[in-house]
Amino acid sequence: MTTGASTSMVLWGATGQARVLRGCMASQGVSVIAVFDNDDEVAPPFPDVPLYHGRSGFEAWLRPQEDPYEIGFLVAIGGDRGQDRLEMQRLLDGHGLRALIARHSSSYIAGSAVLGPGSQVLAHATICVDVTLGRGVIVNTAASVDHECAIGDGAHVGPGARLAGCVSVGRYAMIGTGAVILPRVRIGESAIVGAGAVVLRDVGPGQVVAGNPARVIRVRS
């Protein structure tokens, strides 16, 4: 689903990713009207946008809204918290808001690429021919995803990471800043590729790899 006619949106998550997304969506003519966060201690990211805490705060905000479907949303939760990102996306979907797609004006997205609802392609990122991004995928600043890659729901490709052709990234996986993934490598569900790693072979589900060449340093429980 794309932004369509939506001119206003909300963000779930009140830290740095929210700031990035507000700027990105402004270039698409979409303004942020509310921010939500589960952390009662987090400070408002914007002086001109109200911050609400938790699901109770969201429900209080939602009650007077006449047509929630006219309001878009994105989930500003990055890193290896892909499951949290999709949980919040399902919550907002379930209350009738529209999952948007963030496309920074400086990014390149091939015409044949498929971007799932809630996905975020940020400044100077490249999405090449026949790439598929799942729901709630983040492709961060200056990252490159080459031809025929498939990025699973809730995965995050960090700033400056390079994915060669035909790479598969499982759900909730995190590709760290500046990592390089060679062609046809498979990254398993919930795996983490460390910053600057060079991945020559498949990474199993939940494995955390680092180094050049990348080696398994632990397995997530």
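Biologist: How many bridges join β23 to strand β24, and do they run parallel or antiparallel?
Modeller: In this predicted model, β23 and β24 (residues 215-219) are joined by 4 bridges and run antiparallel.

Biologist: Which residue stands opposite Q207 there?
Modeller: V219 in β24 stands opposite Q207.

Biologist: And the hairpin of β23 and β24, which residue takes a positive phi?
Modeller: G211 does, with phi near 100°. The hairpin has 4 residues between its strands.

Biologist: What about β21 and β23, in which sense do they pair?
Modeller: Strand β21 (residues 192-193) pairs with β23 (residues 207-210) in the parallel sense, over 2 bridges. V193 has V209 in β23 as its bridge partner.

Biologist: Switching to the open sheet of 5 strands. What is the order?
Modeller: The order is β3-β2-β1-β4-β5, and the pairing is parallel.

Biologist: Which strands stand at the edges?
Modeller: β3 (51-53) and β5 (98-99) do. Each has a single partner strand, so one side of each has no neighbour in the sheet.

Biologist: What stands opposite V10?
Modeller: F73 in β4.

How values were computed:
Residues numbered from 1 in each chain as written. Predicted model: local features only at pLDDT ≥ 70, side-chain atom pairs only at ≥ 80, totals over all residues. Heavy atoms only, no water. Pairing = 2+ DSSP bridges.
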